[in-house]
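My entries follow the picture below.

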Amino acid sequence: MLKTSDLKTREVINIQDGRRLGMVSDLDIDLEHGKIRAIIIPGSGKLLGFFGGDRDYVIPWSKIVKIGIDTILVELPDYSYDREDYYR
């Protein structure tokens, strides 16, 4: 069993380019169906998720390849999702 708090302790890595995206800061949950729709990672340069100009990464659950003990591997080919694009 995996708790949502466990997801926040894992670093997210894009397997397409090996880039470390950061740590999970939030989840987008579909309450009607009881499913996680996406993980949210603060953009680089943000302090505690508040300060900084970069947009957040909103990574759809379908883009997660593997959830390991220390990392979450995602596959994002040359495209980074952000909060504004995801909610359109």
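I count two strands as paired if DSSP finds at least two bridges between them. The model I am reading is predicted.

I found an open sheet of three strands in the order E3-E4-E5, paired antiparallel. Strand E3 (26-30) and strand E5 (57-60) are at the edges with a single partner strand each, so one side of each has no neighbour in the sheet. I noted that neighbouring strands here are turned by 25° against each other on average, direction ignored. I then looked up E3 and strand E4 (residues 35-41), which pair in the antiparallel sense over five bridges. Leu27 stands opposite Ile39 in E4.

Entry on another sheet. I found an open sheet of four strands in the order E2-E1-E7-E6, and its pairing is mixed. Strand E2 (20-23) and strand E6 (64-67) form the edges; each has a single partner strand, so one side of each lacks a neighbour in the sheet. The twist averages 20° from one strand to the next. E6 and E7 run antiparallel and are joined by three bridges. I located Lys66 opposite Leu73 in E7.

Entry on the core. Which residues of the largest nonpolar core touch the most other members? I listed Val12, Leu21, Ile39, Ile41, Ile59, Ile72 and Val74, out of 13 residues in that core. E4, E5 and strand E7 (71-74) each supply at least two residues of this core. I also checked Val12, leaving aside its neighbours within four places in sequence: its contacts include Arg19, Arg20, Gly22 and Val24. Leu21, Ile39, Ile41, Ile59, Ile72 and Val74 are also in contact with Val12.

How values were computed
Residues are numbered from 1 along each chain as its sequence is written. This is a predicted model: local features need pLDDT of at least 70, side-chain atom pairs count only at pLDDT 80 or more; totals for chains, interfaces and linings use all residues. Side-chain values use heavy atoms; hydrogens and water are left out. Axes are lines fitted to C-alpha atoms, for helices over the stretch in contact, and angles run from 0 to 180 degrees between N-to-C directions. A nonpolar core is a set of buried Ala, Val, Leu, Ile, Met, Phe, Trp, Tyr and Cys residues joined through side-chain atoms within 4.5 Å. Buried means under 20% relative accessible area, exposed over 50%, partly exposed in between (1.4 Å probe, protein chains only). Contact means heavy atoms within 4.5 Å.
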